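Here is a short briefing on a protein structure. Please look over the sequence and the model before reading on.

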Amino acid sequence: ELKEEFTRILTANNPHAPQNIVRYSFKDRAYKPISYVDQMAIHFSLNGNMILKDSDEGRRQSIRLSTAAAKAPVETSAVTSEEEEIKDEESTEDTQAAGEEQAEGSGIAEVAEAVKAEEPPPPRVKEQKLANQFNFIERASRTLNNPMRERACQSEPTPCKNFSATANQWKIYDAYVEELQKMERSKEKEKPKAQIAKREEEKKKGRKLTSLELQSDDITKISKAAKIMERMVNQNTFDDIAQDFKYFEDASDEYRDQQGTLLPLWKFQYDKTKRLAVTAISWNPKYKDLFAVGYGSYDFMKQGQGMLLLYTMKNPSFPEYVFSSESGIMCLDFHNDHPYLVAVGFYDGNVAIYNLKKATSQPSYKSSAKSGKHTEPVWQVKWQKDDMDNNLNFFSVSSDGRIVSWTLVKNELVHTDVIKLSVEGTTMQGPEGLQLQTLGCGTSFDFHKKIDYLFLVGTEEGKIYKCSKCYSSQFLDVFEAHHMAVDSVSWNPYHLKVFISCSSDWTVKIWDHTIKTPMFIYDLNSAVGDVAWSPYSSTVFAAVTTDGKAHVFDLNINKYEALCTQLVVAKKKNKITHIQFNPVYPVVIIGDERGHVTSLKLSPNLRRMPKAKKGQEVKKGPEVEIAKLDKLLNLVREPESKA
Amino acid sequence: MADTGEGKKEEVDYKRLHSFPLIRHTDMPEEMRVEAMELCVTACEKYATNNESAAKMIKEMMDKKFGSSWHVVIGEGFGFEITHEVKNLLYMFFGGSLAVCVWKCS
């Protein structure tokens, strides 16, 4: 039994491989057994990473290694191994069972590879770039395109007009005939014209002028309308002020015992006069709403230009007339009979006459150093009656101590020294035995309303001289009036004997020119710039002080105190310089150092007429005024005379 | 015969007398007017028999000098109603029997 032989056959067949595999065949539409079954069984598979040196891959790899030695040889091998894997996969498509296993294995491996492959994609990209033969690098960029915007514009169509006519033979004929006739006529005219060639030229010039004038006529036509428009607009703007001016009577005056108020109305100011002080104001004798304001500077150090403006109450926003001058204007005066003539005195001692009728901004007549101008500022000018030759003349007073009469003879100003203000007792011995007289400095003067030759002069020393035009060397009388310069003297408009004076020594004094001592003295606590009698009453006067206040007195009502003391301008930095009563309306205008002119309305208390006693007639007229003042003066005088 | 002869002479005379260029209506500025007038006279004299060519010449010259687009009518009897650009119209007579109207309208 041990000697029995058993035969075993070794085959290459895979014992685990199925012996019969049936696959569906679409061609035969049946299941058919596959003839050959894959017998390969993989016991172990290892992915190798060895490349043949001489193959393409190997060569490439060696180049890469030489150029970029550090760069991931692992990756490259991964790449190569994957490529290999792909190849392997392709080759094992036939064998299914083993192929499946293999596919699984390779799939797993592939996944692993894919993972690896995902990790280093950028270097792979780089490698691919470097892999081109010519070493070109493509670089592209795209600029930012500006957004498009549509813009369209359409121009205005050219202006067109219609025209129609007919062209006929007879029309043509008629036109020609007419033209020929015209030419003949012009030829006839030319013949006489040739003789008067000069006149023609003049006519041409005249025509040119007229054409210019015509052109300007259009403007002048508008200018008149524009002026009226301006006034209307101003009236509308300042309507409430205009209403106040006309109708407002302060009702509270009844409750205010005897005090009155000044109601501010318009304020006049002009750009160019902002730096200048108002140095003179005067109402026009003919046009009651027109007044002239002179601008200059009281400051010795700050002398500049001067201006003369004429305002009207109807147009508070802009002056009617503007004149400018090189030197500051210190005083001005309207001529009574010729309200278009303004006499002006300057800071440099000149005097001039402005003619309002003429359109120029320069004075019509002006004095000069040759014609005997003053050597010091002219403080006051006043027109006089026409002299015997019917020449206009006016007087001027100045700090150089001369009172000069200027006469307008044949378009020239001729001067005559009327009086020299010599200060008594101060004659000095000059060289060569000359007697030098120091001259007092005149600062203001006023002529008597009735007595023509009589006038008063106030000086810087505080004296008031009563003078006569006839006596040139002596004064009629001297009043020791003030301690400082007399700023203003003024005769009472009604009473023949009374005058008022004011000074920088803070006082206002009322005098009777026959008596050496003043009748009334008022201390106003601040230098008094100007004083003015009211035109409607002999007992009312107003004074302005440098602290910005205006004081109105009525002697009839209160002999010792002002009826109204009112602050007119801002106290600081502004002093009032002048005041003037309007001859007709109850309005005063006040000028200050800043170039502003303020107009104020007097409240009823300030313009009280004497009360009518029951049964008695109220007399009106200057006699009443004179009597009123006389009564007052007597009260004052009598105790004096007694004493 | 004599009468007709005289009549003809008269015609010729008046044509001679009336042959200067007479501007009937224009709103052109001075230089433009003078130039246009001279151009019309030149053209009409050159093409005395052919209005169309005269008009063509005038129109083309005006177009060149003063911009497009001009219109020219030459004739002995016509009526017209046109719209023209302001300051670009000339209506004149010439040669005793010709009327020329030149205007610009684009």
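Two strands count as paired if DSSP finds at least two bridges between them. The model is predicted. By that pairing rule, a strand of chain A and a strand of chain B run together: S3(A) and S3(B), residues 78–85, pair in the antiparallel sense over eight bridges. Within that pairing, Lys161(A) stands opposite His84(B) in S3(B).

**Interface between chains A and B**

- The two chains bury about 2,200 Å² between them. Carbon and sulfur atoms account for 64% of that area.
- On the chain A side, Phe163(A), Ala167(A) and Tyr176(A) lose the most area to chain B. Together they make up 33% of what that side buries.
- Chain A puts 21 residues into the contact, and chain B puts in 31 residues.
- Polar contact links 15 residue pairs across the interface, with both residues at pLDDT 80 or more. The count of salt bridges is zero.
- Strand S3 (160–167) and helix H5 (169–195) of chain A each supply at least two residues of the side that touches chain B.
- H5(A) gives the most to that side, with 10 residues.
- By residue class, the chain A side divides into 12 nonpolar, six polar and three charged.

**A four-stranded sheet in chain A**

- Four strands of chain A form an open sheet in the order S9-S10-S11-S12, with antiparallel pairing.
- Strand S9 (329–334) and strand S12 (365–366) of chain A stand at the edges. Each has a single partner strand, so one side of each is left without a neighbour in the sheet.
- Strand S11 (residues 351–355) of chain A pairs with S12(A) in the antiparallel sense over two bridges.
- Ala352(A) has Lys366(A), in S12(A), as its bridge partner.

- Where does Trp506(A) lie? Its place is the loop between strand S24 (498–503) and strand S25 (507–512) of chain A.
- Trp506(A) has a relative accessible area of 41%. Buried means under 20% and exposed means over 50%, so Trp506(A) is partly exposed.
- Leaving aside residues up to four places away in sequence, Trp506(A) touches Tyr522(A), Asp523(A), Leu524(A), Asn525(A), Ser526(A), Ala527(A) and Val528(A).
- For one of these, Asn525(A), the separation from Trp506(A) is 19 residues in sequence and 5.7 Å in space, C-alpha to C-alpha.

Terms used:
Residues are numbered from 1 along each chain as its sequence is written. Chains are lettered from A and ligands numbered from 1 in the order in which they are written. This is a predicted model: local features need pLDDT of at least 70, side-chain atom pairs count only at pLDDT 80 or more; totals for chains, interfaces and linings use all residues. Side-chain values use heavy atoms; hydrogens and water are left out. Contact means heavy atoms within 4.5 Å. Buried area is the accessible area (1.4 Å probe) that two parts lose on being put together, summed over both. A salt bridge is a side-chain nitrogen of Lys or Arg within 4 Å of a carboxyl oxygen of Asp or Glu. A polar contact is a pair of N or O atoms within 3.5 Å; within protein, one must be able to donate a hydrogen and the other to accept it, and residues adjacent in sequence count only if both atoms are side-chain atoms. Ala, Val, Leu, Ile, Met, Phe, Trp, Tyr, Cys and Pro count as nonpolar, Asp, Glu, Lys and Arg as charged, and the others, Gly among them, as polar. Buried means under 20% relative accessible area, exposed over 50%, partly exposed in between (1.4 Å probe, protein chains only).
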